[in-house]
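Morning, everyone. Please have a look at the sequence and the model on the screen, and then I'll walk through a few spots.

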Amino acid sequence: MIYDARLDGGAGFDWGRTAAEYAKYRDIYPPSFWEPLLNAGLFREGMRVLDIGTGTGVLPRALWKSGAQFTGTDISPEQIEQARQLSAGIPVEYRVCPAEALDFPDASFDTVTACQCFFYFDHRIVVPLIARLLKPGGHLAVTYLSWLPEEDPIAGASEQLVLRFNPHWTGGGEYRRPVDLPAITAEYFTIEHEEQFEMLLPFTRESWAGRIHACRGVGASLPPEALEHFDAEHRAMLLGIAPERFEVRHYAAYAILRVNDM
């Protein structure tokens, strides 16, 4: 169980509790989501890439064909087990390890990535650690993808239901904005490129119900009985407001940073 005063009023959450649903429903990134990173040359033949907070290995599984050598780390053993199963036959190494305790040698990687997870870390520890693990001239890529509850009625209704069951959840209310980088980042990195753009992602009622189940405020935190009630109410709500197939408005945000000379 993870407790972080910055998130959900300090209420605990455990990604291991929803690892199976995460593996099934949260790999929603279309190829166009990865294009800015590929175009930046962050994943070329022979490069070494560290994906921290890898979860079920979404990023390495999407980008391994670039020829780069990927290592994924995550604090959750259950998530890493799912990553290994989904990556069968793919040359990706996975390790169970919190980002604050990465123990690779200095200058081990050309690129470090953090997809949908950078805000979870203790930046006072993680930012200088990433800088140390990168080779001179190496890059950190931080990416984020979120639904837009004020602009999409289905996303907005689902988010309100999450808040009714879990009023401590602070993961809602997203809007278009740059990646949130802590002040300490500027001590170690220089921003080379930032970008935000809109995406319409396809769902069915089943896959959207699974996507919401696999969020921090639901499957990772609600007790079993409340989770069962939430899922039933959410599915009933979707029957009333959503067609069988629909799109949900999201925004994507990127920050690509070069490590400063030490």
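Start with C115. C115 is buried, at 11% relative accessible area; buried means under 20%, exposed over 50%, partly exposed in between, with a 1.4 Å probe and protein chains only. A caveat on sources: this is a predicted model, so local features need pLDDT of at least 70 and side-chain atom pairs pLDDT 80 or more, while totals for chains, interfaces and linings use all residues. Residues are numbered from 1 along each chain as its sequence is written, and side-chain values use heavy atoms, without hydrogens and water.

A disulfide here is a pair of cysteine sulfur atoms within 2.5 Å. The disulfide count is zero. C215 is in no disulfide either; its nearest cysteine sulfur, that of C115, is 16 Å away. C215 is buried too, at 4% relative accessibility.

Next, Q79. Q79 lies in helix α4, residues 77-86; helices are DSSP runs of H or I, at least four residues, numbered from the N terminus. Q79 is buried, at 2% relative accessibility. Leaving out residues up to four places away in sequence, Q79 touches W15, A19, Y22, G55, T56 and D74, where contact means heavy atoms within 4.5 Å. From Q79 to G57 is 22 residues in sequence, and 8.4 Å C-alpha to C-alpha.

Last, a helix pair. On the α8 side, R205, E206, W208, A209, I212 and H213 make contact; on the α9 side, L227, F230, D231, H234, R235, L238 and L239.

Terms used. Helix = DSSP H or I, 4+ residues; strand = E, 2+ residues; numbered from the N terminus.
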